[in-house]
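Hi,

Here is the structure I promised to send over. Have a look at it first, and then read on for my notes.

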Amino acid sequence: MQKKTISGTFLRWLLIIVAVAFAVSMVFSWTLQTSMSQRSAANLLRLNIQDVRQDIIDASDANLLALTHTIATEIEEGAPADDAGLAELMARHDVSEINLINSEGIITATTHADFLGYDMRSGDQSAEFLGLLNGRRTEHVQSYQPTTYDPSLLRKYAAVALSQGGFVQVAYDAERFQRDIDHVIVGATRNRHVGENGSIIIADVNWNIVSDRNSNEGKNLYVTGIWIDRPTMPEMTVFHSDVYGSACSCMYEFTEGYYIVAAMPENEILLQRDTSVRLTAILEVAVFLTLFAVIFLLVRKLVVNNINRVNNSLSKITDGNLEERVEVRSNTEFSSLSDDINATVSTLKQYIAAAAARIDQELALAKNIQQSALPSVFPPYPDRTDFSLYATMDTAKEVGGDFYDFYLLDDNKLAFLVADVSGKGIPAAMFMMTGKTVLRDYSERGDEPADVVANANDKLCDGNDAEMFITAWMGFLNTDTGFVRFVNAGHNPPVILRRGTASFIKQKANLTLAAMEGIPYREQTLQLEPGDLLFLYTDGVTEATNASEELFGNDRLINVLSAAYGTGETACRDVCARVKEALDEFVGEAPQFDDITMLCLYYAGPETSDTRKKLTIAAETENLDQVLAFIDEQLESAECPPKVQMQIDIAVEEIFVNIAHYAYGSGHGDSDIFIGVDNNTATIEFRDSGIPFNPLQKADPDITLSAEDRQIGGLGIYMVKKSMDAVDYRYIDGQNILTIQKKF
């Protein structure tokens with residue numbers, strides 16, 4: 001492929017820069033002009049609404065004051081000033097409330113019985129009218145608003161001072177004053193424009209149009225295309241709607257019982273923006289083209305040729321020829337550049353040798369520090385028989401981002417985890433050390449599992465400028481009960497190996513650590529049984545890739561683990577070794593791209609005293625009578641019914657004879673037989689060290705077939721399964737363990 005010239009590259013980049021600058025300028029101009037147009041439109045909508053609102057308020061105030069003056073005149077001319085007289089005036093003038101206040105500010109007569117004797121100084125809303133008592137005002141009107149005594153009730157109050165002292169206060173609600181001033185409102189918007197083509201629409205509290213340029217009075221507001229949801233659409237805030245088929249910016253306000261809606265077409269709002277942007281584009285095209293031509297010609301003439309010469313020498317240097325010297329001296333700048341490059345290359349040669357040695361030393365030290373931070377002595381708790389652990393980590397580079405950890409929080413509580421830091425190398429290793437320390441600190445101070453992970457997440461988010469994150473699976477094992485409380489922070493699901501069968505733990509993953517601060521983490525639980533193996537790992541296991549770009553995957557992992565068995569630390573070590581061996585065989589010569597970390601936990605269960613009776617006897621058929629006598633003795637002492645005893649004897653005979661015939665092949669060996677009776681349930685366990693064999697895996701025979709047509713074998717164990725309440729098989733620590741249970 002032919003390499004591009006400096007001048008060609010410069011030309012291309014100059015074109016890109018000019019194009020980007022033009023695009024940025026246009027975007028900026030477009031954004032700025034759009035914002036300005038929208039702000040201007042919002043201000044215009046707001047101003048028109050305020051004008052109409054004031055018109056409505058003025059009309060409402062004038063109407064209510066006129067009614068109040070009329071009622072005050074009638075009172076001064078001799079109308080009864082008691083409660084009954086005020087009630088008659090209220091009915092005749094069709095208002096909602098009339099109060100008579102004396103010169104001391106006390107309500108002396110009222111149409112609302114609860115208000116009699118009320119001191120107007122007692123509330124902020126009523127205190128507004130006290131100015132009528134000192135002669136500073138002769139009348140006062142309030143805006144339409146919720147009343148203090150019932151916020152769900154909206155009313156408008158006005159008051160007029162009386163010549164003999166005190167004042168009369170009159171109130172009416174929206175229905176009354178709207179009936180009086182609707183004729184004023186109807187024409188309020190007929191000739192009012194918002195911009196060139198915008199309009200004002202007024203609707204009452206029931207969304208019925210009161211005033212509209214399109215003569216839709218009496219119709220519901222939805223005929224205009226406007227829909228308002230007050231809980232989610234604040235007043236005096238721009239929203240967008242199609243008004244009479246035209247996209248518009250709209251704004252509304254609710255005042256005096258009316259919705260005032262202003263609308264202005266979007267095309268009118270953006271017309272000024274479009275004009276300004278077009279003019280700016282034309283001017284900038286001319287300017288940028290001129291600058292492009294001038295800059296390119298000058299740079300090509302004065303710089304490019306000498307740069308080509310310098311570049312030729314630099315190409316040789318970057319190819320590894322540190323003996324090359326740059327000799328471009330056509331002017332002072334290039335002469336100085338040549339000297340600087342030559343001096344830099346000379347110094348570089350010295351530093352390269354020193355840096356290479358130092359880097360090797362530092363990486364070795366970093367690897368040692370990282371390894372020393374992880375538990376590496378196995379078995380870690382040699383005096384414990386209730387559980388065992390083994391873990392290993394193979395980094396893709398000198399240092400990695402995976403880590404594991406485990407520690408006892410008290411005598412019966414074990415914390416253990418496996419985690420994977422995003423990225424590799426030194427940064428991942430440093431973040432790994434921080435994550436490991438933080439998780440351990442919160443665990444050892446006694447936090448709950450979900451709190452440990454949540455607190456660690458917040459701590460790791462603080463100052464995480466590199467935006468690294470950690471996937472982690474952390475469990476807390478109660479060694480007495482086998483109960484595990486765990487939190488999965490975006491990590492691979494562990495595998496549980498139970499009675500020779502491996503399967504993934506069903507779980508729900510939370511967000512990874514250090515991804516977002518303040519995230520709650522959900523705790524989940526798992527019940528381990530004695531003999532269970534729990535295998536934790538990082539994605540370096542399942543995502544190991546061979547030369548054909550094929551992943552190792554979950555299925556291969558399950559198959560490898562299903563073939564593993566054993567107990568204690570030996571089994572844990574064996575499981576990890578088997579997985580690593582399978583990975584090496586699968587990957588072959590392909591390079592390792594990710595860290596591979598594994599942790600295996602074996603749960604043996606708490607030590608308990610065994611109260612069962614035991615018989616150890618040679619696995620030979622002639623010893624069957626001794627076996628049955630041993631079993632019958634225990635059953636009879638437990639008062640087992642004869643019928644159940646006979647069923648148990650038949651099952652024992654079938655199992656013991658099978659052990660005698662097949663467990664040791666042509667050789668000889670013993671069989672341990674345990675029997676325990678508790679709560680009218682007999683539990684009998686057979687153990688032998690013969691060939692591993694699970695009789696429960698054999699398919700049940702088809703008993704509908706004749707004896708000649710049925711496949712030989714399997715009928716005896718089938719009868720055992722049918723006659724017993726429970727049958728279980730395990731292979732643990734080199735022994736076949738078959739257990740039967742029968743209630744009586």
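Please keep in mind that this is a predicted model, where local features need pLDDT of at least 70, side-chain atom pairs count only at pLDDT 80 or more, and totals for chains, interfaces and linings use all residues. Residues are numbered from 1 along each chain as its sequence is written, and side-chain values use heavy atoms, leaving out hydrogens and water.

Let me start with isoleucine 16, which sits in helix 1 (residues 6-76). Helices (H or I, at least four residues) and strands (E, at least two) are DSSP runs, numbered from the N terminus. Isoleucine 16 counts as partly exposed because its relative accessibility is 35%; the class lies between buried (under 20%) and exposed (over 50%), with a 1.4 Å probe and protein chains only.

Five strands form an open sheet in the order 13-14-15-16-19, with antiparallel pairing; two strands pair if DSSP finds at least two bridges between them. At the edges are strand 13 (402-410) and strand 19 (524-527), each pairing on one side only. Within the sheet, strand 15 (residues 470-478) and strand 16 (residues 483-489) run antiparallel and are joined by seven bridges. Alanine 472 stands opposite alanine 489 of strand 16.

Helix 8 (residues 425-444) touches strand 13, strand 14 (413-421) and strand 15. Helix 9 (residues 449-461) touches strand 15 and strand 16.

Happy to chat about any of this!

Best wishes

Note on methods
Contact = heavy atoms within 4.5 Å. Axes fitted to C-alpha atoms, helices over the stretch in contact; angles between N-to-C directions.
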